[in-house]
Amino acid sequence: MRARCVRTWLAAALALLSSLAIADDFDYGLQPRQVAADTWVVFGKPENFSRSNGGDIANTAFIVTGAGVVVIDTGPSKRYGQQLRAAIGRITTEPVVAVYLTHHHPDHALGNQSFKDVPIRALAGTIDGLREQGADFNSNLYRMTGDWMRGTEPLLPQEAVTAGEVTIGRHTLQLLALKGHTAADLAILDRSTGTLFSGIVFNGRTPATPNATISDWLSSLQQLQALQPARIVPAVGPVGDTAMLAHDADYLRWLDGSLRQAAAQGVDMAEALRLPIPARFDDFALLREEYQRSVAHLYPAIERASLGVAE
Amino acid sequence: MQWSAVALVCALAVPAAFAGEAVPPDPLDSVQWPAMVHKFFRDQRVVFDDAVQVIVPPAAEDSMNVPVSARVHGLPDVQEIIAFIDFNPIPGVLSLRPLQALPYIGFRVRVQQSTPIRVAARTADGVWHVGGAWVDAAGGGCTLPSAVASRVRDEDIGKVAARRWPLADGGQRLKLRIAHPNDTGLISGTPAFFVEELHVRDAGGRELASLALHEPIAESPLLTLEFPVAGALAISGRDNSATLIEARVE
Ligand SMILES: [Zn+2]
């Protein structure tokens, strides 16, 4: 017990020191990695928002099309957006010509201000979500990451998109209007490279459920599977193949099923925080922590249903 | 954080003292603890006791609906169980008199900021046994929920949904939910309006448990209680504007 506490304290002290060390310049250290022809990913950390990561917990990506750069997601802050543009400028001289948002969550959409000179495109539901929750997201991120957020405020996308195809330069992008992680999740399949970009796919990090509808999420994962992409750029974690879709679906089915079973057995919500989680999900970072958040997101409605309360 | 605080949390010290002579040092190291002792225990005896097991989430993902459950293990003759929240503007959450109930309760609260949530059980000898844990206000993950209150429709106020489950040893668990806005009165223009009193009786009318609830209880409170004996239950109560609450749980 004592040893564990000392370790915890040391970890906290180290975290504090490292946050002090990088707090001076607010440099996210963004390093685009090429994952396919013309296609680059800037990987976020599989962590929660903190003062040490500045909110950089989701992947962003860009495609150098030959007719300008298409950016997918803008990151957690104005600073991130600026640094992403600077990182793109180190790869190519082509200008950014369009931004697509996968969904309205703050780690994906609060860098918008730094792209206000180019069209920012998203599903209508994403624009609605950002209109309704953007201000709350923004103040929460200030609270959790501090000065990394300086000058950041939500900027709504100007262009609502629907499912369909768009060709920009050498690349034909298929836009898919999905839902489940949020009420509106845009997936983009680059037909030219077989690369799929999706905010509903989590690789090596526990899927997060604050705005989730699990049944929709599962059918969206099936739709992505049917596309047979050559590679997937997930919301967070390394680029991989369709195996991650099955693993996410396995977790979401387990989560939904075990919470429903617990409610049917009369388990109290606090007790549900401690349900055992199968070892096959041990590869997910933040497993217990994110599971406990999911109890907060999902259990109240499941429990009301178990008591026969009509929504 | 100070070394001394870490050491105290590590040691899980179980000091006992009369509040009158000395406030027992708080294993949760909350600056509000002396005020809590003054408010809830005065000159009664207080001990920190692992027999009072409190489950809370490490962080309040939804600060309007934080789940808490507490079970008192192995203490004889628990007369009263109270819950309070150190850093809430109104700390007192509830008081349960488990007349013929098991010393257990599950409930949901609102928290204002990072705070200990505590449950104390008073045994027949007058000693308060205290357990609890910190809840961090900061959520996180992919995003954070916005505190959108789902307003209860007027015609639903006071409606009870409840269900019984058998326990392995022949007793039963009761979960009940009362549709109610449970307004704290802390938001200007909205007077305090909350479920104040509940009683659970058996089919023969014998009172099994009595509950007094206070403002921090979440909207449309969901409560879990346990009883050593099976059988239909009757629930009665009222809110602070005298709306009556009545239900039978067959
Ligand atoms: Zn998300």
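**Reading the model**

Author: Begin with contacts in chain B (contact means heavy atoms within 4.5 Å). Of the contacts in chain B with a separation of 6 or more, 65% are between residues 24 or more positions apart.

Reader: Where does the model come from, and how are residues and chains labelled?

Author: It is a predicted model, where local features need pLDDT of at least 70, side-chain atom pairs count only at pLDDT 80 or more, and totals for chains, interfaces and linings use all residues. Residues are numbered from 1 along each chain as its sequence is written, chains are lettered from A and ligands numbered from 1 in the order in which they are written, and side-chain values use heavy atoms, with hydrogens and water left out.

Reader: How many helices and strands does chain B have?

Author: Helices (H or I, at least four residues) and strands (E, at least two) are DSSP runs, numbered from the N terminus. Chain B has two helices and 16 strands.

Reader: What percentage of chain B counts as buried?

Author: Buried means under 20% relative accessible area, exposed over 50%, and partly exposed in between (1.4 Å probe, protein chains only). Of the 250 residues in chain B, 55% are buried.

Reader: What does B:Leu75 touch?

Author: B:Leu75 is in the loop between E4 and E5 of chain B. At 19% relative accessibility, B:Leu75 counts as buried. Beyond its neighbours within four places in sequence, B:Leu75 is in contact with B:Asp49, B:Ala51, B:Thr123 and B:His129. From B:Leu75 to B:Ala51 is 24 residues in sequence and 7.1 Å in space, C-alpha to C-alpha.

Reader: Now chain A. How do I describe two packed helices?

Author: Two packed helices are described by the angle between their axes and the distance between the axes. Axes are lines fitted to C-alpha atoms, for helices over the stretch in contact, and angles run from 0 to 180 degrees between N-to-C directions. Take helix H6 (residues 243–264) and helix H8 (residues 287–306) of chain A. They pack at an angle of about 50°, with axes 9 Å apart. That makes H6(A) oblique to H8(A). Angles under 35 degrees count as roughly parallel, over 145 as roughly antiparallel, 65 to 115 as roughly perpendicular and the rest as oblique.

Reader: Which residues of H6(A) and H8(A) meet?

Author: Among them are A:Tyr251, A:Trp254 and A:Leu255 in H6(A), and A:Leu287, A:Tyr291 and A:Ser294 in H8(A). The residues of this contact of H6(A) with H8(A) divide into twelve nonpolar, two polar and three charged. Here Ala, Val, Leu, Ile, Met, Phe, Trp, Tyr, Cys and Pro count as nonpolar, Asp, Glu, Lys and Arg as charged, and the others, Gly among them, as polar.

Reader: At what angle do H5(A) and H6(A) cross?

Author: The axes of helix H5 (residues 214–226) of chain A and H6(A) cross at roughly 165° and come within 10 Å. H5(A) and H6(A) are therefore roughly antiparallel to each other. Their contact has nine nonpolar, one polar and three charged residues.

Reader: Is A:Asn138 buried or exposed?

Author: A:Asn138 is in helix H4 of chain A. A:Asn138 counts as buried, at 8% relative accessibility. Not counting residues up to four places away in sequence, A:Asn138 touches A:Leu110, A:Met149, A:Thr152, A:Glu153 and A:Pro154.
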